[in-house]
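Please read them with the model open beside you.

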Amino acid sequence: MKMLGKNFQAILLFSFIVYAVPSYSLPLKTQGRWLVDERTGERVKLHCANWPAHVFPMLAEGLDKQPLPFIASEIVKNNYNCIRFTFSTHMFTRYANLTIEESFDRLNLKKAKAGVIKHNPFVLKMTVPQAYEAVVDALGAFGIMIDADNHISEPIWCCSNDDENGFPNDPHFDPEEWIEGLKLVAQRFKGKSQLISIGLRNEPRGKNQNATLWFDHYIMEAAAQVHQANPDVLVIASGLNFATDLTYFKNHSLKSNFDNKLIFEGHSYSWGGKGNPWVDGSVNKACADKIGSLNNNLGFVTNGENAVPLFFSEFGIDRKQLPADDDRFLSCFSTWAAEKDLDWGLWALQGSYYLRQNVTNMEEYFGVLEIDWDRVKNPKVERRLGLLKQTLLDPKSTVPLNYIMYHPQSGACVGEGMDAQIRAGNCKGLARWTHNGHEGPLELKGTGLCLKAIGDGLPPILTPDCSQTTWKPISASKLHLASKDHKGEYLCLHLEPPFAGNIVTKKCICVGDDPTCKDNPTSQWFKLVETNIEN
């Protein structure tokens, strides 16, 4: 804190008093598939946003647009409790003595520098590592946890198969320098509990990647060095192929969990694979295939006796244009993330970049914040993430499992409405449901009332007669909650656009095996999500 101006220190002190009231203490450790408070054993769920600092000029993006305390307050206001804060290896090994002012001047970023002078002048005379640390300190003052993520070696945009930063011994990935950089970061933040973890390397990739070398040699060596330098921090190991593949551990075990400190991370977006199945084919099949792939390649590590936490540290969508493939992917992914109650990190916080791929002031369409960092870019997307920001499963809970009925397209959850009907609304404190998980009555917990479909286009009703009300998840995605009408045909729950809360039953959309059915079924996607948290 000694590098910060007195006014800024006063702001941080005020922020600490107002914001820093988390219900847990730090550091964290692993307990099976969960992250828990090391002292109490209480679960701590991460709902994070990525904030890059790894790209030239090697300063947290956006400090030319708004004061750092304002940005931190926006993070808290939108219910993100942690930041995945990226850095490049060279920031700490080759540019450790470069000041922020010198870095901006080298790149001739006059306008951006003027913005930094206006909003955050205290960073200009700091070195690159000092400025990184100052942001960590500021976030910590707001009660925000930080994952320091080693994103790449060079301070350039990431990632591609041919960027020569993908795997140890690639031209720009010196393994000795990489480990030295990790050690420098671990040592620098020893004793600063707000920095909860160090991501060893983002998205290993390229023609030289090798699972045995990565997981049994490089990860073990890097994790050992970090753990020795700073035993409090978690160490995060990424899957191969751009963090999409942990299948090595279907037939191998971790050589060490470093005193319950090692966790895995994975990434997923709407792209990947052949074509664009979200718009070119059956959306239900696209979702089923996506969830199948996620479970097979990543999610399996959270299962069984040797379960390990999976931090899903990147997913995201174009919030500005909201193309159909991103929109449908997010609805699908959200049901999976809610079902597993994952720790996660959204790409991304930033509304803009000082310099990205030779373009100044480039807007980040995936950003939570607008290009001027003064407001949320797309409040509807934030609402869709609401349930994912809640803790749904507690390993210490004695409450029996029940269900939340979740509509991922709107982010709403279903509870009791007026006149014996149901209604979609805010997920906080909303109703719990009981169901056998397969086919049977769907009962509103504690009421003795079951949901009954009464006709196409009509609202379903809550009735005390549960003997004739059967619901089951159907379609390839298993996201349609359906009940048969008097003709023996399925009717599906359907949230009426513009998602004001009105629910009816309608003929089910694309629930069969026809791969050519391209209608959008997401208004009918409802997921029964398990929870053992009292409402």
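Are Arg84 and Asp149 buried or exposed? Point 1 takes this up, after a word on the source. This is a predicted model, in which local features need pLDDT of at least 70, side-chain atom pairs count only at pLDDT 80 or more, and totals for chains, interfaces and linings use all residues. Residues are numbered from 1 along each chain as its sequence is written, and side-chain values use heavy atoms, with hydrogens and water left out.

1. **Arg84 and Asp149.** Both residues are buried, where buried means under 20% relative accessible area, exposed over 50% and partly exposed in between, with a 1.4 Å probe and protein chains only. They form a salt bridge, with 3.0 Å between the closest N and O atoms. Arg84 sits in strand β4 (residues 82-88) and Asp149 in strand β5 (residues 145-152), so the pair ties together parts 65 residues apart in sequence. Helices (H or I, at least four residues) and strands (E, at least two) are DSSP runs, numbered from the N terminus.

2. **Arg94 and Glu177.** A salt bridge joins these two, and the closest N and O atoms are 2.8 Å apart. Arg94 lies in the loop between α3 (89-93) and α4 (100-106), while Glu177 is in helix α7 (residues 175-188), so the pair ties together parts that are 83 residues apart in sequence. Arg94 is exposed, at 54% relative accessibility. Glu177 is buried, at 15%. Elsewhere, salt bridges with shared partners link Arg84, Asp147, Asp149, Glu265 and Glu314 into one network.

3. **Glu74 and Lys77.** The closest N and O atoms are 2.9 Å apart. An α-helix has 3.6 residues a turn, so residues three or four places apart point the same way. Glu74 is buried at 6% relative accessible area; Lys77 is exposed at 61%. The count of salt bridges comes to 29, each being a side-chain nitrogen of Lys or Arg within 4 Å of a carboxyl oxygen of Asp or Glu.

4. **Helix α12.** Its 17 residues (324-340) should span 24 Å at 1.5 Å a residue, and the end C-alpha atoms are 25 Å apart, which agrees. The expected span is 1.5 Å times one less than the number of residues. Of the 17 residues, 15 are buried.

5. **Largest pocket.** Its volume is about 960 Å³. Of the 38 lining residues, the closest to the centre are Ser268, Tyr269, Ser270, Trp271 and Gly272. Helix α11 gives the largest share of the lining, seven residues. The lining divides into 16 nonpolar, 13 polar and nine charged residues. Ala, Val, Leu, Ile, Met, Phe, Trp, Tyr, Cys and Pro count as nonpolar, Asp, Glu, Lys and Arg as charged, and the others, Gly among them, as polar.

6. **Cavity.** One cavity of 30 Å³ or more turns up in the whole structure. Its lining includes Val399, Arg432, Lys445 and Glu534. Three lining residues are nonpolar, four polar and three charged. On a 1 Å grid over the protein atoms alone, a cavity is a set of points where a 1.4 Å probe fits but cannot get out; a pocket is an open set with protein on both sides within 12 Å along at least five of seven lines; lining residues have an atom within 4 Å of a point. Points are joined across faces, edges and corners, and a volume is the space filled by probe spheres set on them.

7. **Nonpolar cores.** The largest has 111 residues, and Trp51, Leu63, Phe85, Tyr132 and Leu349 have the most contacts inside it. Helix α8 (residues 211-229) gives the most to this core, nine residues. A second, separate core of 20 residues includes Tyr403 and Trp471. A core is a set of buried Ala, Val, Leu, Ile, Met, Phe, Trp, Tyr and Cys residues joined through side-chain atoms within 4.5 Å.

8. **Backbone points to check.** The peptide bond from Phe56 to Pro57 is cis, with omega near 15°. The bond from Cys158 to Cys159 is cis, with omega near 15°. Asn241, in helix α9, has a positive phi near 55°.
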